[in-house]
Amino acid sequence: MSPSKRQFPKHRVIEVERTGVYPDVWWHHRLACGHTEKRKRKAPAKQIACTTCGRATGLVVVDEGAAESAYEQKIQAEFAQRYGLALDDIQVMTYEEWGVFKVASVVLSFYREL
Ligand SMILES: [Zn+2]
């Protein structure tokens, strides 16, 4: 397996702060190591990998966001096919738990002319 953020040292999340305005929202996770991990989604885990500590240990950073997007697109495609919707009408929220992506929620938007 290629190196990824999953191998980065995990640290306890002390505080989570939401910044920005939808759709440009960032979650700042303040970690026990003193660093802040900026993510597009709030991490449900009590401990998350610290990119800054990971870089310090020389681990290679792989774009984990890309893997997550690919996973979301797969779910989107499944729902689009099942309900005959456009991909844009399906919002998938995922989260990562111990290196495994899981679905938090799926929102389907049905538009009908009245
Ligand atoms: Zn750190």
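Strand β6, residues 100-108, is hardly covered. Among its nine residues, the count of buried residues is zero. The structure is a predicted model.

The partner of β6 is strand β5, which spans residues 90-97. The two strands pair in the antiparallel sense, and eight bridges join them. In this pairing, E96 stands opposite F101 of β6.

## Overall make-up

The protein chain holds six strands and two helices. Read from the N terminus, the order of elements is β-β-β-β-α-α-β-β.

The chain has 114 residues, and buried residues make up 11% of them. Consider the contacts with a separation of 6 or more: residues 24 or more positions apart account for 42% of these.

## The four-stranded sheet

Four strands form an open sheet. Their order is β3-β2-β1-β4, with antiparallel pairing. The edges are taken by β3 (36-39) and β4 (47-49). Each of these has a single partner strand, so one side of each is left without a neighbour in the sheet. From one strand to the next, the twist averages 50°.

In a regular strand, side chains alternate between the two faces of the sheet.

## Pairings of β1

Strand β1 covers residues 10-19, and strand β2 covers residues 26-31. Six bridges hold this antiparallel pair. E15 stands opposite R30 in β2. T19 has W26 of β2 as its bridge partner.

The hairpin of β1 and β2 has six residues between the strands. In this hairpin, G20 takes a positive phi near 85°.

Strand β1 also pairs with β4, again in the antiparallel sense, over three bridges. Here R12 stands opposite Q47 in β4.

## W27 in strand β2

W27 is found in strand β2. How is W27 classed by its C-beta neighbours inside 10 Å? The count is 16, so W27 is partly exposed. A residue is buried at 20 or more such neighbours and exposed at 12 or fewer, so a count in between gives this class.

Leaving aside neighbours within four places in sequence, W27 is in contact with V16, R18, R39, R41 and K42. The C-alpha atoms of W27 and K40 are separated by 6.0 Å, and these residues lie 13 apart along the chain.

## K46 in the β3-β4 loop

K46 lies in the loop between β3 and β4. Is K46 buried or exposed? K46 has 9 C-beta neighbours inside 10 Å, so it counts as exposed.

Which residues does K46 touch, not counting those up to four places away in sequence? They are R12 and V13. The C-alpha atoms of K46 and L31 are separated by 9.9 Å, with the two residues 15 apart along the chain.

Conventions:
Residues numbered from 1 in each chain as written. Predicted model: local features only at pLDDT ≥ 70, side-chain atom pairs only at ≥ 80, totals over all residues. Contact = placed C-beta atoms within 7 Å. Pairing = 2+ DSSP bridges. Axes fitted to C-alpha atoms, helices over the stretch in contact; angles between N-to-C directions.
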